[in-house]
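Take a first look at this protein chain.

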Amino acid sequence: MVLNRKLPLWYQVSQSLRASILGRPQDASPRLPTEEQLAAHYGVSVLTMRQALKELETEGLISRHRRRGTFIEPRARRVSPVRLLGSVDAIVAQQSGERTTVLGHGPGPVPGDLAEFFPDCAEVVGYRRLRCDGETGEPTNWAENALRPEIAARLDVADLERWPMTKVLRDAVGVRISRITDTVEARLADPDTAELLQVPLLSPILHYTGVTYDDDGRVVDVARIRYRGDRFSFSVTVEAH
């Protein structure tokens, strides 16, 4: 893990560990390594590791028992935060831990509201995905992604049922991500969203837009995700540094 010195180390470590916890195999041991072992793995101090674990404990992902160790909770907290604090690992963590179904994909004209992001493209490749709770099967959010064609040509669709799009682009396709610009706003469920998420028409949802840029400053992906309003809250952390 490469740590960004402009962001709090405990936050980056907590998000990386959160992604690992949510993406772990079903038969993995619920017990985590000791604080000292985790600190050595991430290359941080035990104090920083302790703060990262405290964050995960507050989220309800782990429980810590004196003399027994730290354990992954069987069930995470029902209401999950949609957080914004400039870290690619935070985006990966946010999208992990759910069962994903690819509803469809294929090329098409650049949508009018995305034209500013793809000025040199005649078309983009779109992907529609539905995410459900890994235990209950209840729909939690659905996503639309628009990718540059040359990027989509290197993507294996099967990977999208295993990993979040951000992880696929970075780790499988090899895109050198320079930044992701996030926007979250309150909206009302349209007919597609109401049907896919099994919520009443015009019920409150959180609408997330993430624009991913590569090292050359080009937009490689625009993600639009609709989160169920009864399953997610919106949280922003501002650090005084």
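This is a predicted model: local features need pLDDT of at least 70, side-chain atom pairs count only at pLDDT 80 or more; totals for chains, interfaces and linings use all residues.

Residues are numbered from 1 along each chain as its sequence is written, and side-chain values use heavy atoms, with hydrogens and water left out.

Q: How many helices and strands are in the protein chain?
A: Helices (H or I, at least four residues) and strands (E, at least two) are DSSP runs, numbered from the N terminus. By that rule, the protein chain has seven helices and ten strands.

Q: What percentage of the residues in the protein chain is buried?
A: Buried means under 20% relative accessible area, exposed over 50%, and partly exposed in between (1.4 Å probe, protein chains only). The protein chain has 241 residues. The buried share is 49%.

Q: What percentage of the contacts with a separation of 6 or more joins residues 24 or more positions apart?
A: Contact means heavy atoms within 4.5 Å. Among contacts in the protein chain with a separation of 6 or more, the share from residues 24 or more positions apart is 61%.

Q: Are H1 and H3 oblique or perpendicular to each other?
A: Axes are lines fitted to C-alpha atoms, for helices over the stretch in contact, and angles run from 0 to 180 degrees between N-to-C directions. The axes of H1 (residues 9–22) and H3 (residues 46–59) come within 8 Å and cross at roughly 55°. Angles under 35 degrees count as roughly parallel, over 145 as roughly antiparallel, 65 to 115 as roughly perpendicular and the rest as oblique. H1 and H3 are therefore oblique.

Q: How do the residues of the contact of H1 with H3 divide?
A: H1 contributes residues including Leu9, Trp10 and Val13, and H3 contributes residues including Thr48, Met49 and Leu53. Ala, Val, Leu, Ile, Met, Phe, Trp, Tyr, Cys and Pro count as nonpolar, Asp, Glu, Lys and Arg as charged, and the others, Gly among them, as polar. The contact of H1 with H3 divides into nine nonpolar, four polar and three charged.

Q: Which residues does Thr48 touch, not counting residues up to four places away in sequence?
A: Thr48 lies in helix H3. Thr48 is buried, at 17% relative accessible area. With residues up to four places away in sequence left out, Thr48 touches Leu9 and Trp10.

Q: Is the aromatic pair of Trp10 and Tyr11 stacked or edge-to-face?
A: Rings of Phe, Tyr and Trp (its six-membered ring) pair if their centres lie within 6.5 Å; planes under 30 degrees apart count as stacked, over 60 as edge-to-face and the rest as tilted. Trp10 is buried at 18% relative accessible area, and Tyr11 is buried at 2%. Their centres are 6.0 Å apart, with 90° between the planes. The pair is edge-to-face.

Q: Are H2 and H3 roughly parallel or roughly perpendicular to each other?
A: H2 (residues 35–42) and H3 pack with their axes 9 Å apart, at an angle of about 105°. H2 and H3 are therefore roughly perpendicular.

Q: Is Arg67 buried or exposed?
A: Arg67 sits in the loop between strand S1 (62–65) and strand S2 (69–72). Its phi is positive, about 70°, although Arg67 is not a glycine. With a relative accessible area of 79%, Arg67 is exposed.
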